[in-house]
Amino acid sequence: MLTQAPKGTKDILPSEIHKWHYIEKEIAQICSDYGYKEIRIPVFEHTELFQRGVGDTSDIVQKEMYTFSDKGGRSITLRPEGTAGVARSYIENGMSSLPQPVKLYYNITAYRYENVQKGRYREFHQFGVEAFGSYGPSIDVEIISMVKLLFDRLGINQVRLNINSIGCPACRAEYNKKLKDYLRPNLENMCPTCKTRFEKNPLRIIDCKEQGCKKITAGAPALIDHLCEECKNHFEGLKAGLDNIGIEYSVDKNIVRGLDYYTKTVFEFVSDSIGAQGTVCGGGRYDGLIEECGGKPTPGIGFAIGIERLLMVMENQGIEIPQPKGIDIFIAAIGEKAHKYAEKKVYELRKESLSAEKDLMGKSLKAQMKYADKLQAKYCIVLGDEEIDSGKAVLKNMKTGEEKEISLDTIIDRLKM
Ligand code: ATP
Ligand code: MG
């Protein structure tokens with residue numbers, strides 16, 4: 001127990017952190033290009049926020065939340081996703097009085113009590129954006145294009161975009177009647193979760209991952225065939241917008257998304273190359289969410305990308321993420337005097353933002369040189385009594401092997417050349 005992280009969690013080790021930094025940099029860049037500002041939200045919120053914001057009939061609320069009472073007796077939940085927290089913050093901080101749309105992004109850990117498997121963890125990372133205030137569909141096109149461009153920049157081409165519309169409360173009410181009529185004869189054979197969804201939110205049944213339920217819903221009527229005029233036009237607008245900027249997509253009638261608050265546009269970017277957990281990005285419009293959480297009626301749309309799955313796709317495609325470069329210089333030292341000098345010198349170099357290292361283990365010269373190689377030092381300099389006394393030493397370029405005698409006072413200038 002003591003030496004094992006809890007199931008479904010993982011350390012990100014120094015040997016792989018460069019991959020995360022690389023992706024985080026690309027995320028910050030694309031958000032800047034698209035005018036999305038970062039927001040940082042708490043790791044935990046009042047449980048009720050997720051019950052309302054994610055929805056009582058979602059998988060997340062029904063099965064997956066880490067909920068506990070704190071010492072003050074409040075029910076607290078670790079965030080299972082980002083949208084509800086961002087929506088709460090939008091309301092709490094009066095962001096409706098800002099110029100609209102308000103475009104936000106987050107890069108967070110999320111927590112779900114899941115059946116752990118490849119690409120499915122209990123602590124995982126999500127990059128997501130939320131845009132509040134615009135009914136679209138132009139903003140729908142904008143955020144979908146953002147995902148596409150991010151994937152392009154990362155070199156990912158093995159993902160497909162699937163879109164759908166799940167209508168508004170008006171057309172969904174009509175549709176729900178038809179769906180219930182279709183499902184009713186088989187209600188007894190459905191999983192317990194779906195039985196509870198039947199009255200509360202039958203559309204959610206389409207999203208069930210149980211094989212038995214999947215069979216039953218296979219031939220069910222699709223919402224997209226029963227949209228009201230307004231939702232139909234919105235969806236046509238979305239498709240025309242994607243066509244206009246040349247983004248390919250398929251319409252997938254079965255996407256309903258896992259969260260209760262979605263309206264109209266829903267979409268996924270899916271990869272076939274990483275197995276069953278193939279959805280790398282999920283998103284959609286949630287025009288009812290802000291009001292549901294206690295704000296003024298405000299439309300919104302967003303997406304979330306699972307970073308672990310993104311990395312899996314990149315790995316599968318053989319995309320090489322640039323390795324961090326080595327240090328600028330290793331100062332090897334023999335003897336007390338040289339060590340003291342090296343101690344001072346590395347501090348001077350670091351003050352100049354040069355990465356410098358010296359021996360800290362009492363290694364032999366040979367071992368120090370080996371270590372300098374491991375650190376991929378660009379230059380190395382060996383100091384003994386003689387060098388300290390004369391103020392001169394040999395600077396070795398570790399890549400070319402070239403050696404040059406230099407004055408110790410000029411190391412910084414030479415490295416900066
Ligand atoms: P799934 O259908 O795979 O359960 P979801 O619909 O629950 O996904 P969302 O809530 O839309 O997923 O989250 C957005 C993205 O976050 C997903 O597309 C996926 O890439 C990632 N994700 C979701 N759950 C996990 C998890 N348990 N572990 C790792 N990544 C996850
Ligand atoms: Mg899920």
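These are my notebook entries on what I looked up in this structure, which is a predicted model.

**Entry 1: the division into domains**

I began with the overall layout, and the domain assignment gives domain 1 as 17-168 + 228-316 and domain 2 as 329-416. I then looked up how far apart the two domains lie, and the C-alpha centres of domain 1 and domain 2 are 50 Å apart.

**Entry 2: the sheet of 8 strands**

I next followed an open sheet of 8 strands, whose order is E1-E5-E6-E11-E10-E9-E7-E8 and whose pairing is mixed. Its edge strands are E1 and E8 (250-251), each of which pairs on one side only. Helix H5 (residues 138-154) packs on this sheet, where H5 touches E5, E6, E7 (160-165), E9 (263-270), E10 (279-285) and E11 (300-306). The direction of H5 makes about 15° with that of E11.

Is strand E5 largely enclosed or left open by the rest of the structure? I found that 9 of the 10 residues of E5 (residues 102-111) are buried, so this strand is largely enclosed by the rest of the structure.

I then looked at what pairs with E5 on either hand. Strand E1 (residues 37-38) pairs with E5 in the parallel sense over 2 bridges; Lys 37 has Leu 104 in E5 as its bridge partner, and Glu 38 stands opposite Tyr 105 in E5. Strand E6 (residues 123-132) pairs with E5 in the antiparallel sense over 10 bridges, and here the bridge partner of Ile 108 is Gln 126 in E6.

**Entry 3: around ligand 1**

A polar backbone atom of Val 280 is 3.1 Å from an oxygen atom of ligand 1, and a backbone N or O atom of Gly 306 lies 3.3 Å from an oxygen atom of the ligand.

Leaving aside residues up to four places away in sequence, Ile 30 touches Met 146, Leu 149, Leu 150 and Arg 153. I looked up Ile 143 as well, and found that Ile 30 and Ile 143 are 113 residues apart in sequence and 11 Å apart in space, from C-alpha to C-alpha.

**Entry 4: the sheet of 5 strands**

I turned to an open sheet of 5 strands, which has the order E13-E12-E14-E15-E16 and mixed pairing. At its edges stand E13 (356-358) and E16, each with a single partner strand, so one side of each is left without a neighbour in the sheet. Neighbouring strands of this sheet are turned by 25° against each other on average, with direction ignored.

Two helices belong in this entry. Helix H12 (residues 336-351) packs on the sheet and touches E12 (329-333), E13 and E14, with a direction that makes about 165° with that of E13. Helix H13 (residues 365-374) lies across E12 and E14, and runs at about 175° to E12.

What stands opposite Cys 380 in E15? It is Lys 396, in a pairing where 3 bridges join E14 (residues 379-383) to E15 (residues 392-397) and the two strands run antiparallel. Lys 396 also has Glu 403 as its bridge partner in E16.

Strand E15 is joined to E16 (residues 403-407) by 5 bridges, again antiparallel, and Lys 392 stands opposite Ser 407 in E16. These two strands, E15 and E16, form a hairpin with 5 residues between them, and I noted that Gly 401 in the turn has a positive phi of about 85°.

Terms used: Residues numbered from 1 in each chain as written. Chains lettered and ligands numbered in written order. Predicted model: local features only at pLDDT ≥ 70, side-chain atom pairs only at ≥ 80, totals over all residues. Heavy atoms only, no water. Buried < 20%, exposed > 50% of the residue type's maximum accessible area, 1.4 Å probe, protein only. Helix = DSSP H or I, 4+ residues; strand = E, 2+ residues; numbered from the N terminus. Pairing = 2+ DSSP bridges. Contact = heavy atoms within 4.5 Å. Axes fitted to C-alpha atoms, helices over the stretch in contact; angles between N-to-C directions. Domains from an automatic or database assignment. Polar contact = N/O pair within 3.5 Å; in protein donor to acceptor, adjacent residues only side chain to side chain.
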